[in-house]
Amino acid sequence: MLVGIPLGLLVGRFVLFRRLFSPIIEILRPLCPIAWIPFALAIFKTYTVAEVFGVRYTTSIFGHIQLGMLFVIFYGGFFPIFLNTVHGVKSIKDIFIESALLLGANKNQLFRKVIVPSSLPTILTGLRVGLGVAWMVIIAAEMLPGSDAGIGYLIMFSYELAEMDILIASMILIGAVGALLSYFVKLIADRTSFWQAKER
Amino acid sequence: MVSLRVDGIKKTFVGEHRDEVQAVSDLSFYCEEGEFLCIVGPTGCGKTTLLRLIAGLDKPSAGTISVDDRIIEGLNDDATLVFQQYSLFPWRNVINNVSFSLEMRHVEKKKRFREAQYYIDLVGLEGFEKAFPHELSGGMQQRVAIARALAYNPKLLLLDEPFGALDERTRHRLQEELLNLWQDQKKTIVFVTHNIDEAVFLASRILIMRDRPGSIIEEIAVDLPRPRDRRSKAFLDLHISIREMLEKILAGAQ
């Protein structure tokens, strides 16, 4: 989100950035985030956030969050957010930009007062999709070897113990949490982009 | 108030097959300060192109445009344009749309709302300050667009068929309101339309354009007394003679 939106704004607005980034992005985009997991494990080993900050033994949640996982989550969430931002910026009607310029907006104001608000609904859609993908990727990452916690780990664990009830309960939980996350972003989106659906 | 001089401008676009299309060619006219100039011509004769050139949104391929004898380069700061299509910012309510130009000039919120309110009242939309564009009818949206343009306080107001999409009654009412504004606010106005009745009703002078390439072929000073009566003989005579001119242009094009 922190990287995808600003980068998307730049790429959507400036041709130079678009030329610079689009070849890289077109190659990286079809690469499934899950395919990155082994690579991420190799690079980041199984370092956890707690270890990076010098805390060796801890039972807190940071002791279970691995850097490789964070990387993969970032990767999964990045593209929907980034691509939607680019799309939002590129699909602004010229008439809004020209009106703003004729009413005395400078480059900076044009960006803050016209380009960002008018692409906000599309950005939020990207955020919603990105959050969904990130959630899926987390679960997948937790299922892989090297993981020692998380609901994905729980699924694999209960599979090995043939505990179908826990397995199914976990799946229901994953669905519910995913839906809830999406719902929260939708709440924000509805408040800020009410004008879009009704625009004639 | 400012005067406007358009001197021998030409605008060519590169067409689909890399051929050059001349939108306007060798077009010159002078508009005195405080004048209400109407430009009438058939659809596609380059009227919109002309306005965009005057606003500084596009650059002429040749010739110059000057405001009060200053040649404009880049955006024309003295002018603002009311577009034919709805151009209000859909994410801003009426008062925030109208006060947009004041916000760009960093006018403090209280003061800019007070000023915006003045223009909202002027176009008869009091009570709709908090409404969003999608909640307004077409006529109301165009009024907001005019109020927004006026709040910028341009010395030169450019209007591109602003009432084209409205029904006749609303159009007539807005024409009268625009005339009142013009008389109160002392602005130089360039108004583009293909509606002859509209031009005869509003203009102090009418320029008639032909198409392919767009250029001015006739200039008519309208000295009918105001308020003008659409049913008076002089009004109808003028209307008919302009219609005949335009028909001649269209016949010549075929």
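Colleague: How many residue pairs are in polar contact between chain A and chain B?

Modeller: Bear in mind throughout that this is a predicted model. Between chain A and chain B the count is four residue pairs in polar contact, with both residues of a pair at pLDDT 80 or more.

Colleague: Which elements give two or more residues to the side of chain A that touches chain B?

Modeller: They are α6 (94–102), α7 (107–143) and α10 (194–198) of chain A, and the largest share of that side, seven residues, comes from α6(A).

Colleague: How many salt bridges does the rule find across this interface?

Modeller: The rule looks for a side-chain nitrogen of Lys or Arg within 4 Å of a carboxyl oxygen of Asp or Glu, and across the interface of chain A and chain B it finds two. In a salt bridge with an N to O distance of 2.7 Å, the side chain of Glu98(A) meets that of Arg52(B).

Colleague: What area is buried between the two chains, and how many residues does each of them bring to the contact?

Modeller: About 2,200 Å² is buried between chain A and chain B, with carbon and sulfur atoms giving 69% of that area, while the contact takes 20 residues from chain A and 29 residues from chain B.

Colleague: Which residues does Ile206(B) touch, if residues up to four places away in sequence are not counted?

Modeller: Among them are Cys38(B), Val40(B), Ala199(B), Val200(B) and Ile242(B), and the list also includes Glu218(B) and Glu219(B).

Colleague: Finally, how many bridges join strand β1 of chain B to strand β4 of chain B?

Modeller: Five bridges join β1 (residues 4–14) to β4 (residues 62–67), and these strands of chain B run antiparallel; Leu4(B), for instance, has Val67(B) as its bridge partner in β4(B). Val67(B) also has a bridge partner in β5(B), namely Arg70(B), and two bridges join β4(B) to β5 (residues 70–71) of chain B in an antiparallel arrangement. In the hairpin of β4(B) and β5(B), with two residues between the strands, Asp68(B) takes a positive phi near 50 degrees.

Methods:
Residues numbered from 1 in each chain as written. Chains lettered and ligands numbered in written order. Predicted model: local features only at pLDDT ≥ 70, side-chain atom pairs only at ≥ 80, totals over all residues. Heavy atoms only, no water. Contact = heavy atoms within 4.5 Å. Pairing = 2+ DSSP bridges. Helix = DSSP H or I, 4+ residues; strand = E, 2+ residues; numbered from the N terminus. Buried area = accessible area lost by both parts, 1.4 Å probe. Polar contact = N/O pair within 3.5 Å; in protein donor to acceptor, adjacent residues only side chain to side chain.
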